[in-house]
Amino acid sequence: MSVSVTLVIVMAALYALGVYAMLERSLTRVLFGFLLLGNATNLLLLIVMGFPGVSPFYGAEGASDPLPQALMLTAIVITFAVSAFLLALIYRSWQLGEADTVLDDAEDLAVRQRAEETEDALDVEEETAEVDDEQTTDFTDGAAAPLTAAIEETRREP
């Protein structure tokens, strides 16, 4: 099977543009990015579907695999459903705030700041624990002192 290099390049460009569009804060651009990803996935499934120009059921080499066709139909349905959800989300966002951009929430910023402070405190605590572990140890060269004292006391009593 010879795969058209043009289809592979178009598919890669659709994936790249879709990911780039989904990283924006505008929900409309997220929707366009998701649609590009859906079309790129359909194109990927079209590329792996079978021999070009051959009937999907009867061909010179036999029947082609029906699994990619089923996956493509599933991808179309999933893309449609998520697109409908994103459209409803964009419409509701426009009704409430007259904008479709996602802004940072003050509570989210506070949680992020607390997490960074906690991480810094844990790093400092871990470093001090490592230094303390290197300086002190529970082991000695001889027998432990409390056990030696207890044994000597039991020997003296009789």
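Which hand does the crossing of α1 and α2 have? Keep that question in mind while setting up the view.

This is a predicted model, so local features need pLDDT of at least 70, side-chain atom pairs count only at pLDDT 80 or more, and totals for chains, interfaces and linings use all residues. Residues are numbered from 1 along each chain as its sequence is written, and side-chain values use heavy atoms, with hydrogens and water left out.

**Whole chain**

Show the protein chain as a cartoon. Its secondary structure comes to 5 helices and 0 strands. Helices (H or I, at least four residues) and strands (E, at least two) are DSSP runs, numbered from the N terminus. The order from the N terminus is α-α-α-α-α. Colour by burial next: buried residues make up 16% of the 158 residues. Buried means under 20% relative accessible area, exposed over 50%, and partly exposed in between (1.4 Å probe, protein chains only). Among contacts with a separation of 6 or more, 62% join residues 24 or more positions apart. A contact has heavy atoms within 4.5 Å.

**α1 and α2**

Select α1 (5-22) and α2 (27-49). Two packed helices are described by the angle between their axes and the distance between the axes. Here the axes come within 7 Å and cross at roughly 155°. Axes are lines fitted to C-alpha atoms, for helices over the stretch in contact, and angles run from 0 to 180 degrees between N-to-C directions. α1 and α2 are therefore roughly antiparallel to each other. The classes are roughly parallel under 35 degrees, roughly antiparallel over 145, roughly perpendicular from 65 to 115, and oblique for the rest.

Now the opening question: the crossing of α1 and α2 is left-handed. That term applies if the near helix is turned anticlockwise from the far one by less than a right angle; clockwise is right-handed.

Show side chains at this contact. On α1, pick residues including Leu-7, Met-11, Leu-14 and Gly-18; on α2, the residues they meet include Arg-29, Phe-34, Leu-37 and Leu-44. The contact divides into 18 nonpolar, 4 polar and 1 charged residues. Ala, Val, Leu, Ile, Met, Phe, Trp, Tyr, Cys and Pro count as nonpolar, Asp, Glu, Lys and Arg as charged, and the others, Gly among them, as polar.

**Ser-26**

Move to the loop between α1 and α2 and select Ser-26. Is Ser-26 buried or exposed? Ser-26 is buried, with a relative accessible area of 15%. Leaving aside neighbours within four places in sequence, Ser-26 is in contact with Asp-100 and Thr-101.

Select residues 67-97, helix α3. Its 31 residues should span 45 Å, and its end C-alpha atoms are 44 Å apart, which agrees. The expected span is 1.5 Å times one less than the number of residues.

The axes of α2 and α3 come within 10 Å and cross at roughly 175°. That makes α2 roughly antiparallel to α3. Their contact has 18 nonpolar, 8 polar and no charged residues.

Buried residues of α3 include Pro-68, Met-72, Ser-83 and Ile-90. The buried residues of α3 pack against α2.

Then find Phe-80, also in α3. Phe-80 is exposed, with a relative accessible area of 64%. The C-alpha atoms of Phe-80 and Leu-35 are separated by 8.7 Å, and the two residues are 45 apart along the chain.

**Glu-98**

Last stop: the loop between α3 and α4 (106-135), where Glu-98 lies. Glu-98 has a positive phi of about 55° although it is not a glycine. At 61% relative accessibility, Glu-98 counts as exposed.
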